[in-house]
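Please open the structure in your viewer and keep the selection tool at hand.

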Amino acid sequence: MYNRICRISISILLLSLNYISSNVIGQKKVICLMVEFQESESSGTTGDGHFLMNPDTTCGTYIIDPPPHDRAYFQSHLIAVDNYFRNVSYQNFGIDLGQSEIFPETNDQVYTLPNSMDYYNPYGISDTLKEERLVTLFKDAIFVADSIDSIPFEDFDFVIVFHAGIGQDFSLPYLDPTPEDIPSTFVDQEMLDQYVGGSIQFSNTTINQGIILPETQNHLFFEESENIFLNAEEPCDFQYGLTGTFALMLGFAIGLPPLWDTDTGQSGIGIFGLMDQGSNNGRGLIPSPPDAWTRKYVGWEHSIKITPSASINLPSRS
């Protein structure tokens, strides 16, 4: 059976638990950049480096995250994740949809990065170099977009890079045929300090964190799925949406702590909370809410201390 277990790098996503970020309260403005890659013949990546822009009927009318993956498609994901966070935070946190933007502003246009997909996550190299290349992807996306559209990054709270292809986010019960896909990543200040010498600077703003996400988590849209699901009786049962991964990455960006063992990768609360394996509940369309402890930790929930009355008489045992 295809095993959808999140394997996002702990070293990339571990956040400090010593403070609660102010990002967990209020409506945040996000700037989203749609980027694709130089074409490559690498067999280690899914797709050809370009966004899926043609409708797909592989699974008939049951299609999760159907193409075209254009500006309107990503706008729908912003709406979905905003609805999710407003609900689980009791309206304490959400995305300011009216002030958020997706670039390029033309529905079917995208930015093209200077390298192929496999350059940004090459197989067989150290974890350190892999992290460096992911930071390079984030930086390249920002500078390419700004060079074309002079984007006012200073007007936004978060930068989200949506790239062409599948996310390298789930383990398979056998050899992964596409190990050079891009892992979904929260790029924090520490990573920028280590690999690019500090925050990304513009004349009017400083960018010190961001998110990298794929266009979809649905392998069925790509030719590589023929090998991945070769022995599956119903391949269309293995479709997964991007909403859960998006919510998980935004959770890290606003300061929700990981709830698995950050040394071993072993699951802590499993499917019962967003910040472990719960992001993939409901095929990635209905992620689990953050657990009660996390909601209390960030101030979305308030606990009540119950003290038993001293006058309670317990029955005697005969």
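**The whole chain**

The model is predicted, and local features need pLDDT of at least 70, side-chain atom pairs count only at pLDDT 80 or more, while totals for chains, interfaces and linings use all residues. Residues are numbered from 1 along each chain as its sequence is written, and side-chain values use heavy atoms, with hydrogens and water left out.

Now colour the chain by secondary structure, which comes to 8 helices and 12 strands. Helices (H or I, at least four residues) and strands (E, at least two) are DSSP runs, numbered from the N terminus. Next, display the surface: the protein chain exposes about 15000 Å², and carbon and sulfur atoms supply 49% of it. Such accessible areas come from the Shrake-Rupley method with a 1.4 Å probe; for residues, only the protein chains shown count as cover.

Contact means heavy atoms within 4.5 Å. Of the contacts in the protein chain with a separation of 6 or more, 75% are accounted for by residues 24 or more positions apart.

Select residues 30-38, which form strand β3. Because 8 of its 9 residues are buried, β3 is largely enclosed by the rest of the structure. Cys32 is buried, with a relative accessible area of 0%.

Which strands are joined to β3 by bridges? Two strands pair if DSSP finds at least two bridges between them.

- Strand β7 (residues 158-166) runs parallel to β3 and is joined to it by 6 bridges. Here Cys32 stands opposite Ile160.
- Strand β5 (residues 101-103) is also parallel to β3, with 3 bridges between them. Look for Leu33 opposite Phe103.
- Strand β6 (residues 111-116) is parallel to β3 as well, and 3 bridges join the two. Thr112 in β6 is the bridge partner of Glu36.

While the strands are on display, recall a general point: in a regular strand the side chains alternate between the two faces of the sheet.

The next stops concern the backbone. Most residues other than glycine have a negative phi, and most peptide bonds are trans.

Stay at Phe103 and include Pro104: a cis peptide bond joins them, with omega about 0°. Pro104 is found in the loop between β5 and β6. Then select Pro67 and Pro68, where the peptide bond is again cis, with omega near 10°. Pro68 has its place in the loop between β3 and α2 (71-88).

Move on to Tyr90, in the loop between α2 and β4 (93-95). Tyr90 has a positive phi of about 55° although it is not a glycine. Is Tyr90 buried or partly exposed? With a relative accessible area of 46%, Tyr90 is partly exposed.

Arg283, in the loop between α7 (243-254) and α8 (292-297), is not a glycine either, yet its phi is positive at about 55°. Its relative accessible area is 30%, so Arg283 counts as partly exposed.

**The disulfide**

A disulfide is a pair of cysteine sulfur atoms within 2.5 Å, and by this rule the count comes to 1. Select Cys59 and Cys236, whose sulfur atoms are 2.0 Å apart. This pair links distant parts of the chain, 177 residues apart: Cys59 is in the loop between β3 and α2, and Cys236 in the loop between α6 (225-228) and α7. The link of Cys59 and Cys236 is left-handed, with -90° about the S-S bond. Cys59 is buried, with a relative accessible area of 12%.

**Two packed helices**

Finally, select helix α4 (residues 127-149) and helix α5 (residues 189-196), which pack at an angle of about 100° with their axes 10 Å apart. Axes are lines fitted to C-alpha atoms, for helices over the stretch in contact, and angles run from 0 to 180 degrees between N-to-C directions. Angles under 35 degrees count as roughly parallel, over 145 as roughly antiparallel, 65 to 115 as roughly perpendicular and the rest as oblique. The helices α4 and α5 are therefore roughly perpendicular to each other.

End at Thr128, which lies in α4 and is partly exposed at 44% relative accessibility. Leaving aside its neighbours within four places in sequence, Thr128 is in contact with Gln194 and Tyr195.

Note on methods: Buried means under 20% relative accessible area, exposed over 50%, partly exposed in between (1.4 Å probe, protein chains only).
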